Amino acid sequence: MANITPQPVAAYLSALRGDPHERLALIDREGRAEGLPLVYPETGALLHTLARGCGAKHILEIGTCIGYSTLWMATALPADGALITMEFDAARAARARGHFSAAGCADRVSVIVGDATRFLHKVSGPFDLIFQDSDKKLYEPMLDRLVELLRPGGLLVADNILWNGEVIPGYVAQKKYSEEDTAAIVSFSQRVAHHPRLYTSFLPVGDGVSVSVKRT
């Protein structure tokens, strides 16, 4: 659990949540046991809700890991929807494909393996929803391209905005992350908050989430 929401509050809200696919619990247990960088379940539920709320048919994700957040969004797509997800690690991408196949949504998800900074210039939008959960130092360098790929009125969502609370000076005594990554998150948050083509809200969900809508 991130160093943000008190445990009793998190437990209460978790008990209220319903998962859209039984495979999610399996991926969650698998990933947590290995210490993989998965989104928190409440973040996944938010992604599913946002995808449904904006009527998303085309989704782009940066940072697949083993497919947990991907499946949360893919289960919100209509039958003719499509999701492109990019993962640097080939082994993780292969495991994600296995989960998508087992969940019955492989036909809606395309996994691109490699450096997202290269592939971003080869994909074409517009996308209704884009989820950014890659290397934190790449958040800001990718931002303008992601905004270009987003349709007017579309949503750009970024995870780890609170970074275990370490973005707040003096809040966390024993830090988990590098100062470089923390500084990158802070810089990205400032940039997205003042981006002329976006309106952004910041939510204390999971490890902190920014939700930006592209201005029409």
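Trainee: By class, how many nonpolar, polar and charged residues does the lining of the largest pocket have?
Mentor: Keep in mind that this is a predicted model. The largest pocket is lined by 34 residues, and by class these divide into 16 nonpolar, seven polar and eleven charged residues.

Trainee: Which residues of that lining lie nearest the centre of the largest pocket?
Mentor: The pocket in question has a volume of about 710 Å³. Among the 34 residues that line the largest pocket, those nearest its centre are Pro37, Asp133, Ser134, Asp135 and Lys136.

Trainee: Which elements give two or more residues to the lining of the largest pocket?
Mentor: The chain has eight helices and seven strands from which such elements could come. Those that give two or more residues to the lining of the largest pocket are β2 (82-87) and α6 (116-119).

Trainee: What is the volume of the largest cavity, and which residues line it?
Mentor: The structure holds one cavity of 30 Å³ or more, and the volume of the largest cavity is about 30 Å³. By class, its lining has five nonpolar, three polar and one charged residues. By name, the residues that line the largest cavity are Pro37, Leu38, Val39, Gly63, Thr64, Cys65, Tyr68, Ser69 and Asp133.

Trainee: What percentage of the residues in the chain is buried?
Mentor: Among the contacts in the chain with a separation of 6 or more, 69% are between residues 24 or more positions apart. The accessible surface of the chain comes to about 10,100 Å², and carbon and sulfur atoms account for 55% of that surface. Of the 216 residues in the chain, the buried share is 50%.

Trainee: With which residues is Leu47 in contact, leaving aside its neighbours within four places in sequence?
Mentor: Leu47 is found in helix α3, residues 41-53, and it counts as buried because its relative accessibility is 1%, where the cut-off is under 20%. Leaving aside neighbours within four places in sequence, Leu47 is in contact with Ser69, Met73, Leu129, Phe131 and Val157.

Trainee: Which peptide bond is cis?
Mentor: As a rule, most peptide bonds are trans. In the loop between α6 and β4 (127-132) one finds Pro126. With omega near 0°, the cis peptide bond is the one from Gly125 to Pro126.

Trainee: Is Asn160 buried or exposed, and what is its relative accessibility?
Mentor: Asn160 lies in the loop between β5 (150-159) and α8 (179-193), and its phi is positive, near 65°, in a residue other than glycine. Asn160 counts as buried because its relative accessibility is 11%.

Trainee: What is the phi of Asn164?
Mentor: Asn164 also has its place in the loop between β5 and α8, and it is buried, with a relative accessible area of 8%. Most residues other than glycine have a negative phi. Although Asn164 is not a glycine, its phi is positive, at about 65°.

Key
Residues are numbered from 1 along each chain as its sequence is written. This is a predicted model: local features need pLDDT of at least 70, side-chain atom pairs count only at pLDDT 80 or more; totals for chains, interfaces and linings use all residues. Side-chain values use heavy atoms; hydrogens and water are left out. On a 1 Å grid over the protein atoms alone, a cavity is a set of points where a 1.4 Å probe fits but cannot get out, and a pocket is an open set with protein on both sides within 12 Å along at least five of seven lines; lining residues have an atom within 4 Å of a point. Grid points are joined across faces, edges and corners, and a volume is the space filled by probe spheres set on the points. Helices (H or I, at least four residues) and strands (E, at least two) are DSSP runs, numbered from the N terminus. Ala, Val, Leu, Ile, Met, Phe, Trp, Tyr, Cys and Pro count as nonpolar, Asp, Glu, Lys and Arg as charged, and the others, Gly among them, as polar. Buried means under 20% relative accessible area, exposed over 50%, partly exposed in between (1.4 Å probe, protein chains only). Contact means heavy atoms within 4.5 Å. Accessible areas come from the Shrake-Rupley method with a 1.4 Å probe; for residues, only the protein chains shown count as cover.
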